[in-house]
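This briefing describes a single protein chain from a predicted model. Please look over the sequence and the coordinates before reading the points that follow.

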Amino acid sequence: EKRFSKIVNIFGHATMSDGDRGPHGVSLCEAIGAHTPGAAQDANLFVSWTWRYGVRKFLAAIRRYCVEKKLDLKSTFLWICFFCNDQFAWLSGGVNDGVETFGETLKTIGKMVCVLDDFNGAKALYFSRLWPVFEVFTACAAQVDVDFVLMSDAAEALRAVAAGDLKFLVMVDVMNAQASDPQDATKIKELIRTAPGGPDHINSEVGKLFVKMMTRVLFGL
């Protein structure tokens, strides 16, 4: 497509040769919408994940979730931050505040699916990253529906776990979780410190939610 002068960069942006957005270009979602009208629409499923995932395993988990939940692929539109966010506006100190914008987006969409690489907190990338844990807690506080899907290897391993052991395996330590952007980390952790119940409450609530959801899977509910 002649309108795009550069391959997607690490921030999920595509540079449009006839655009007015400067060298940083536009988000992939905007680029896809410009390339194929109707392919990008208002999202109805917010995806919580981490940029450190391998693409193939991540996409395979999303596909399996859609199949298992019998979602209509033609009418299911995902909010995935890499594709949808204007990362440069945040990093350059623009008007968008990533933390505030995320919360508004989540509430508007009204449903979240968490893509987990592992249920064992000692191994999971998901629980080691600040943004995903904060996203889940924000969803709970806003009474947004939360669901989850495990990547294939972890999904197989979960079937061999006793339900009573899950509470010892799902470990959340939000204050030791990491974020790529120091400014995000500072702002989110300050919100966590000042939230009712503080970090311990958030660790407990997020942990209990995942134990509950995984227990339902084990019992086929």
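Asp-184 counts as buried because its relative accessibility is 18%, a value to be read against the cut-off of under 20%.

**The chain as a whole**

- The protein contains 11 helices and seven strands, and of its 221 residues 45% count as buried.
- Among the contacts in the protein with a separation of 6 or more, 74% are accounted for by residues 24 or more positions apart.

**The sheet**

- Four strands form an open sheet with parallel pairing, and their order across the sheet is E5-E4-E6-E7.
- The edges of this sheet are strand E5 (78-79) and strand E7 (145-150), each of which pairs on one side only.
- Strand E4, made of residues 45-48, runs parallel to E5 and is joined to E5 by two bridges, with Phe-46 standing opposite Trp-79 in E5.
- E4 is also joined to E6 by three bridges, again with the strands running parallel, and here Ser-48 stands opposite Cys-114 in E6.
- Six bridges join E6 to E7, and these two strands run parallel as well; one of the pairings links Val-115 to its bridge partner Val-149 in E7.
- E6 is mostly covered, since five of its six residues are buried.

**Helices lying across the sheet**

- Helix H2 (residues 55-68) lies across E4, E5, strand E6 (111-116) and E7, and its direction makes an angle of about 120° with E7.
- Helix H7 (residues 130-141) lies across E4, E6 and E7, and runs at about 150° to E6.
- Thr-138 has its place in helix H7 and counts as buried because its relative accessibility is 15%.
- Once its neighbours within four places in sequence are left aside, Thr-138 is in contact with Phe-102 and Leu-106.

**Helix H2 in detail**

- The 14 residues of H2 should span 20 Å at 1.5 Å a residue, and the end C-alpha atoms of H2 are 20 Å apart, which agrees with that expectation.
- The residues Phe-58, Ala-61, Ile-62, Tyr-65 and Cys-66 of H2 are buried, and, seen down the axis of H2, its buried residues fall within an arc of 135°, so they line one face of the helix.
- An α-helix has 3.6 residues a turn, so residues three or four places apart point the same way.
- The cover over the buried residues of H2 includes E4, E5, E6 and E7, whereas Arg-56, Arg-63 and Val-67, on the other side of H2, are exposed.
- After H2 comes Lys-70, whose phi is positive, near 55°.

**Helix H11**

- Helix H11 (residues 198-218) has 21 residues and reaches 31 Å from its first C-alpha to its last, which is close to the 30 Å expected at 1.5 Å a residue.
- The buried residues of H11 include Gly-198, Ile-202, Asn-203, Val-206 and Gly-207, and also Leu-209, Phe-210, Val-211, Met-213 and Met-214.
- H11 is followed by Gly-220, which has a positive phi, near 70°.

**Cysteines**

- A search of the whole structure finds zero disulfides, and Cys-114 accordingly is in no disulfide, the nearest cysteine sulfur being that of Cys-140, 8.4 Å away, while a disulfide would need the two sulfur atoms within 2.5 Å.
- Cys-114 counts as buried because its relative accessibility is 0%.
- Cys-84 likewise counts as buried, because its relative accessibility is 17%.

Methods:
Residues numbered from 1 in each chain as written. Predicted model: local features only at pLDDT ≥ 70, side-chain atom pairs only at ≥ 80, totals over all residues. Heavy atoms only, no water. Pairing = 2+ DSSP bridges. Contact = heavy atoms within 4.5 Å. Axes fitted to C-alpha atoms, helices over the stretch in contact; angles between N-to-C directions. Buried < 20%, exposed > 50% of the residue type's maximum accessible area, 1.4 Å probe, protein only. Expected span 1.5 Å × (residues − 1). Arc of directions from axis to C-beta.
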